[in-house]
Amino acid sequence: MRSRSCARVRFASLLVAASALAGCDPVINIAGANFPSWLFCAICGAILTAVIRPIFVATRVETYMWPLPIVYLSLSVLMGCVVWLIFFNRI
């Protein structure tokens, strides 16, 4: 009985923390519309991955990368995180 109440308290505190942190996301104003910065970083990561892919093909490295969807998804996430660090790092 006690473990259920502890689990409920933890879940409730997790929900409160998640809702409080949602307002900490930086917002970008593009042509009068507000977009969250993570969306900007995800789009930039996808574009940078599309730019890098022809380099992999030209150097014939792509033949050695086996699960291509996983490789390119990981590269897109990496590029998105790099864009986040470049533009939105507050350290």
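Q: How far apart are the end C-alpha atoms of α2, and what should its 22 residues span?
A: The ends are 32 Å apart, and at 1.5 Å a residue the 22 residues should span 32 Å, which agrees. The expected span is 1.5 Å times one less than the number of residues. Helices here are DSSP runs of H or I, at least four residues, while strands are runs of E, at least two, and both are numbered from the N terminus.

Q: What kind of model is this?
A: This is a predicted model: local features need pLDDT of at least 70, side-chain atom pairs count only at pLDDT 80 or more, and totals for chains, interfaces and linings use all residues. Residues are numbered from 1 along each chain as its sequence is written, and side-chain values use heavy atoms, with hydrogens and water left out.

Q: Which residues of α2 are buried?
A: S37, C41, C44, G45 and T49. Buried means under 20% relative accessible area, exposed over 50%, and partly exposed in between (1.4 Å probe, protein chains only).

Q: What do they pack against?
A: The buried residues of α2 pack against β1 (27-30), β2 (33-36) and α3 (68-88).

Q: Why does T49 count as buried?
A: Because its relative accessibility is 8%.

Q: Which residues does T49 contact, leaving aside neighbours within four places in sequence?
A: Y72, L75, S76 and M79. Contact means heavy atoms within 4.5 Å.

Q: On to α3. Which residues are buried there?
A: Y72, L75, S76, M79, G80, V83 and F88. Seen down the axis of α3, they fall within an arc of 160°, so they line one face of the helix. The arc is that of the directions from the helix axis to the C-beta atoms.

Q: And which residues are exposed on the other side?
A: I70 and L85 are exposed there.

Q: Why do residues three or four places apart point the same way?
A: An α-helix has 3.6 residues a turn, so such residues point the same way.

Q: New topic. How many disulfides are there?
A: A search of the whole structure finds 0. For C41, the nearest cysteine sulfur is that of C44, 6.6 Å away. A disulfide needs a pair of cysteine sulfur atoms within 2.5 Å.

Q: How many salt bridges, then?
A: The count is 1. The side chains of E62 and R53 meet, at 3.3 Å from N to O. The rule asks for a side-chain nitrogen of Lys or Arg within 4 Å of a carboxyl oxygen of Asp or Glu.

Q: Is E62 buried or exposed?
A: E62 counts as buried, at 15% relative accessibility. R53 counts as partly exposed, at 40%.
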